[in-house]
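Please walk through the model below with the sequence alongside it.

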Amino acid sequence: MIQSTARLERLQHLQSLLQRGMQALSAGDIQRASDCCQQVLRIQPDLVQGHFLVGLVALESRNRKIAFSAFSSVVKLQQEHPAAWAQLAKLHMGEGRVNAADAALGEALKYRSEDPLVQDLLGSIYSLMGDYGVARQCFEIANRLQPDHPPYLLNFANNLVYSGDLDEAQAVFEKIICLQPDSPQAHWHMASARKATDEKHIRQMEYLAANNTSPRVRAFYYYAIGKECEDLGQWQRAFDAFSRGAAARRETVEYDEAAEIEMFDYLEQHFTRDWFDALPEGDPDPAPIFVLGQPRTGTTLIERIITSHSQAHSAGELQQFGLAIRRLTNHQNPKRFSADFFQQAAGVDMGKLGALYLQTCAKMRGDKPRFVDKLPQNYLMIPLILKALPNAKIVHLTRDPMDACFASFKQLFADAYLHSYDQREMARHHARYRRLMDTWRERFPGRFVDIAYEEAVTDLDSSAKQLLAHLELPWEDACLQFHTQKQAVSTASAAQVREPVHTRSLGRWKKYAMLLAPMIDELNRHGITTDSA
């Protein structure tokens, strides 16, 4: 009897500690949550819930190593734990370990779960893998199981933006803000999705930004403020907000410029014509069309023109080519692209690479003869694409260097383009990119076409006809009505591509010319001339 009472008291104490730990975590008190975890595991080292809470606390404090260890402990203690397997799959994807992510995802799916956390995690994993249709189903289930939960609503709304359901997404973002007024991503998305007509939302966000110490949070607010100030033609105020947002975001990312220089040098030194000619060609399927270049240079516009054609489907910004390389090489460096990544890629069997890419695109490519993959960063992999998919078409977008650089500088990206938050870093990256594209043109003449953004928006009819002729697609008038498409858009331009072609962005940087002196100076220093303001 005494032992039974002691056991019950111990169990109640553990549950109380777990509850207090979760409450502390929800309140953002990482230290108190961590203290509760330590007390729990001292009392019962093999308590599954204790290890799971450690993992959640580690995620919140961005300690991925401890998170891996904690969730791994959970599945060792209780293999049938879909939430821990899903957390491990997401962590593996974040670290670039695609094969390990595939395995963990398989384990999570073995156990059909009605836990909204699991469904939300699965949706996030499928999003990282580029399967947005399945991701949407998971997010819908999570929100059905736990309605009005802002984190789940946010992931669902982001998926709606991708799918082009902007009105529905706007309603969800508004709902999130009603439930949680200080929701930086919801405010940022709201600002991006429609044009501001007054300062009401700006003033609200300025108050929220001023009262938050997190640079990540402030970045969302300042970029949103900058966008709405631009809507109102308040150029100086807009630039101040963009600069504040960029500085805040720069605090939160680890941009290794030396590693990027090493990568670009490796590409130029090793992906030579001799390397190319020595390898057998890969999969002959002519279906893929790659639209690539720098972000914010018109890749989405061109993709929409192509996919308005009856024979072409929009597959979105696919990660599948890079993921196929990782699967074949078991490359595990968390950096998406690096010299080491390309060193391993250079030795891949090109037939297997092309076939695996097509296999993993199967659910996204649709049922039309051609499909478009518009991941901008694929420009790094042009030699690999040409060898692995010799009949694929490649379209490269060019744009005025200052318009291109400034458009990236004033855009908050997810986890890519880490060079874009500092004017000089942005300019130096752009110079490296231009040099690399010159190298590819010299080594692979005629294998891809350059499309100038300026020509596309000023003479849409001629540009579209030249584009389709290059792609060997017969002309269709629907290609000039791209803005009426309802297909998904996974891009920062998701809202803009729903309107007809315009020239508002041409020379936009000149409104800020005096404030962009560092960017101009750095471009000029690398031999890239810019128009005078």
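Asp-349 lies in the loop that joins H19 to helix H20 (350-360); helices (H or I, at least four residues) and strands (E, at least two) are DSSP runs, numbered from the N terminus. With a relative accessible area of 42%, Asp-349 is partly exposed. In this classification, buried means under 20% relative accessible area, exposed over 50%, and partly exposed in between, with a 1.4 Å probe and protein chains only. From Asp-349 to Tyr-453 the sequence separation is 104 residues, and their C-alpha atoms are 35 Å apart in space.

The model is predicted: local features need pLDDT of at least 70, side-chain atom pairs count only at pLDDT 80 or more, and totals for chains, interfaces and linings use all residues. Residues are numbered from 1 along each chain as its sequence is written, and side-chain values use heavy atoms, with hydrogens and water left out.

Another partly exposed position is Gln-15, at a relative accessible area of 39%. Gln-15 belongs to helix H1 (residues 2-26). Between Gln-15 and His-270 there are 255 residues in sequence and 59 Å in space, C-alpha to C-alpha.

For helix H6 (residues 98-110) and helix H18 (residues 320-329), the axes come within 8 Å and cross at roughly 90°. The axes are lines fitted to C-alpha atoms, for helices over the stretch in contact, and angles run from 0 to 180 degrees between N-to-C directions. H6 and H18 are therefore roughly perpendicular to each other, where angles under 35 degrees count as roughly parallel, over 145 as roughly antiparallel, 65 to 115 as roughly perpendicular and the rest as oblique. On the H6 side the contact is made by Val-98, Asn-99 and Asp-102, and on the H18 side by Leu-323, Arg-326 and Arg-327; contact means heavy atoms within 4.5 Å. By type, the residues of this contact are 2 nonpolar, 1 polar and 3 charged. Here Ala, Val, Leu, Ile, Met, Phe, Trp, Tyr, Cys and Pro count as nonpolar, Asp, Glu, Lys and Arg as charged, and the others, Gly among them, as polar.

Pro-334 is placed in the loop between H18 and helix H19 (339-345). Which residues does Pro-334 contact, leaving aside its neighbours within four places in sequence? They are Gly-94, Glu-95, Gly-96 and Arg-326. The C-alpha atoms of Pro-334 and Glu-95 are separated by 4.0 Å, although the two residues are 239 residues apart along the chain. Pro-334 counts as partly exposed, at 44% relative accessibility.

Helix H25 (residues 460-470) has the buried residues Leu-460, Ser-463, Ala-464, Leu-467 and Leu-468. They cover an arc of only 125° around the axis, which puts them on the same side of H25; the arc is that of the directions from the helix axis to the C-beta atoms. Those buried residues pack against helix H17 (299-307), strand E4 (393-398), strand E5 (449-452) and helix H24 (453-458). The exposed residues Gln-466 and Ala-469 are on the face turned away from the buried side of H25.

The loop between H25 and H26 contains Glu-472. Most residues other than glycine have a negative phi. Phi of Glu-472, by contrast, is positive, near 60°, and this residue counts as exposed at 61% relative accessibility. Asp-148 also has a positive phi, near 60°. Asp-148 is found in the loop between helix H8 (132-145) and helix H9 (150-163) and is partly exposed at 39% relative accessibility.

Tyr-512 is in the loop between H25 and helix H26 (517-525). Is Tyr-512 buried or exposed? At 1% relative accessibility, Tyr-512 counts as buried. Not counting residues up to four places away in sequence, Tyr-512 touches Glu-230, Trp-235, Ala-238, Phe-239, Phe-242 and Phe-406. Tyr-512 and Ala-238 are 274 residues apart in sequence and 9.6 Å apart in space, C-alpha to C-alpha.

Last, the cysteines. The structure holds 0 disulfides, a disulfide being a pair of cysteine sulfur atoms within 2.5 Å. For Cys-36, the closest cysteine sulfur is that of Cys-37, 7.1 Å away and too far for a bond. Cys-36 is buried at 3% relative accessibility, and Cys-479 is buried at 0%.
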